[in-house]
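Subject: Two-chain model, handover and notes

Hello,

Please find the structure below, followed by notes on what was found in it.

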Amino acid sequence: MKDENRVRKLALISSQGTLDWAYPPFILASAAAAMDWEVKIFFTFYGLPLLKEKIDANVSPAGNPAMPMKMPFGSKGFQSINWPIPNVISNNIPGFESVATGLMKKTFKKKGVATVQELRDMCVEMDVTMIGCQMTMDVFGFDKKDFIEHAEIGGAATFLEFAADADVSLFV
Amino acid sequence: MSDNSIDVTLDCSGMLCPMPVIKTKRAIKEMEIGQNLEMISTDPGAMPDMAAWSRQTKHDLLESEDQGGSYRFLIKKTH
C-alpha cells in the first residue's frame, strides 16, 4: 500500500524536438512540480536540443497529417475553419514549415498558452531535474556548455534508477 | 473575521493549462499558513485541475465556483 504522505515522483523521457512535441513534457513536468512532485526529465535523441539556451523548435505538417491548419486572426468563425491544405503543398512548398510554426506560435500566444521557453524556465524555477543523454550528445556533437546551466548529464541507468521508484513514467 | 476571508487574490484570467496551477503554487509559497488565496481563472480546465491540485498538495479547496465564463477558487494554505 502506498504511503499517502510521501513525495510523488514523475519520470519523463523527452525524445522529440519539434514545437508540438516539446510541449507535453514541459507541461506535465511544470504541473507536477506545482503539485510538489519530484520530477526528472531525461532528454534524448531529438529532445536533446530542448536543453539549449535558446529553444528554436519548429513544427512541420509533414508526418502530422491530422494537424489542424487554422488562422490566428479574423472572426471566431474564420478562426475555426480548418484549411484543407494538401500534403503535396505542405510537404513541398519551401517555407511552409516556418509558416506552420508561425501560425502555431501565434495561435498559442493568443489563446494564453505559455511558450516552451517560459514553461522550461518555470520547470527550472521549481527545480525539475533535467538530464541530457550523454550518448546522444556524443552522437550529435553536443557539449554540456551548449546547454542551460541547470542541465545535468546522465545515461540510461541514471534515468532507470529514478524511474524504478517513480509513480508515473512517460516516454514522449 | 470569517474563515473564508480573502488574504491574497490571484488573477489568472486569459491563461491556459498549466499556468493557473503554477501561478497558484507560486502564490501559496509566498503566503502564511492559515491564509486564504482567491484565484480567478477563465480556463474551464481549471475546475477539475484545481480540485486535483488541492488533493495532491493537501491545501484546502474551500470554494470552487463556476461564475459563467470565469471560475473562482478559494484555497487555504494548510502547511
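Five strands of chain A form an open sheet with parallel pairing, in the order S4-S3-S2-S1-S5. Two strands count as paired if DSSP finds at least two bridges between them. Helices (H or I, at least four residues) and strands (E, at least two) are DSSP runs, numbered from the N terminus. The edge strands are S4 and S5 of chain A, each pairing on one side only. From one strand to the next the twist averages 20°; angles run from 0 to 180 degrees between N-to-C directions, and axes are lines fitted to C-alpha atoms, for helices over the stretch in contact.

Before going further, some conventions. This is a predicted model, in which local features need pLDDT of at least 70 and side-chain atom pairs count only at pLDDT 80 or more, while totals for chains, interfaces and linings use all residues. Residues are numbered from 1 along each chain as its sequence is written, and chains are lettered from A and ligands numbered from 1 in the order in which they are written.

Chain A

Chain A has seven helices and five strands, which follow the pattern β-α-β-α-α-α-α-β-α-β-α-β along the sequence. The C-alpha trace of chain A spans about 50 × 40 × 25 Å along its principal axes. Of the 172 residues in chain A, 30% are buried. Here buried means that 20 or more other C-beta atoms lie within 10 Å of the residue's own, exposed means 12 or fewer, and partly exposed is in between, with C-beta atoms placed from the backbone. Among contacts in chain A with a separation of 6 or more, 75% are between residues 24 or more positions apart. Two residues are in contact if their C-beta atoms, placed from the backbone, lie within 7 Å.

Within the sheet, S1(A) and S2(A) are joined by six bridges in the parallel sense. One of the residues involved is A:Lys9, whose bridge partner in S2(A) is A:Glu38. H1(A) lies across S1 and S2 of chain A and runs at about 165° to S1(A). H7(A) also packs on the sheet, where it touches S1, S2, S3, S4 and S5 of chain A, and its direction makes about 150° with that of S1(A).

Which residues of H7(A) are buried? In this helix, residues 156-163, they are A:Phe159, A:Phe162 and A:Ala163. Seen down the axis of H7(A), the buried residues fall within an arc of 100°, so they line one face of the helix; the arc is that of the directions from the helix axis to the C-beta atoms. A:Ala157 and A:Glu161 are exposed on the other side of H7(A). The buried residues pack against S1 (9-14), S2 (38-43), S3 (129-133), S4 (152-154) and S5 (168-171) of chain A.

A:Gly155 is in the loop between S4 and H7 of chain A. A:Gly155 is partly exposed, with 14 other C-beta atoms within 10 Å. Apart from its neighbours within four places in sequence, A:Gly155 is in contact with A:Cys133, A:Gln134 and A:Met135.

Chain B

In chain B, four strands make an open sheet in the order S1-S2-S4-S3, with mixed pairing. Its edge strands, each pairing on one side only, are S1 (8-12) and S3 (60-66) of chain B. The twist here averages 15° from one strand to the next. S3(B) and S4(B), residues 71-76, run antiparallel and are joined by six bridges. B:Leu61 has B:Ile75 in S4(B) as its bridge partner. H2(B), residues 46-57, lies across S2, S3 and S4 of chain B and runs at about 175° to S3(B).

Where the chains meet

The contact takes eleven residues from chain A and twelve from chain B. On the chain A side, H1(A), residues 19-34, gives the largest share, four residues. That side of chain A divides into seven nonpolar, two polar and two charged residues. Ala, Val, Leu, Ile, Met, Phe, Trp, Tyr, Cys and Pro count as nonpolar, Asp, Glu, Lys and Arg as charged, and the others, Gly among them, as polar.

H1(A) packs with H1(B), residues 19-29, at an angle of about 35°, their axes being 9 Å apart. A:Ser30, A:Ala31 and A:Ala34 in H1(A) meet B:Val21, B:Ile22 and B:Lys25 in H1(B). By class, this helix contact has four nonpolar, one polar and one charged residues.

Regards
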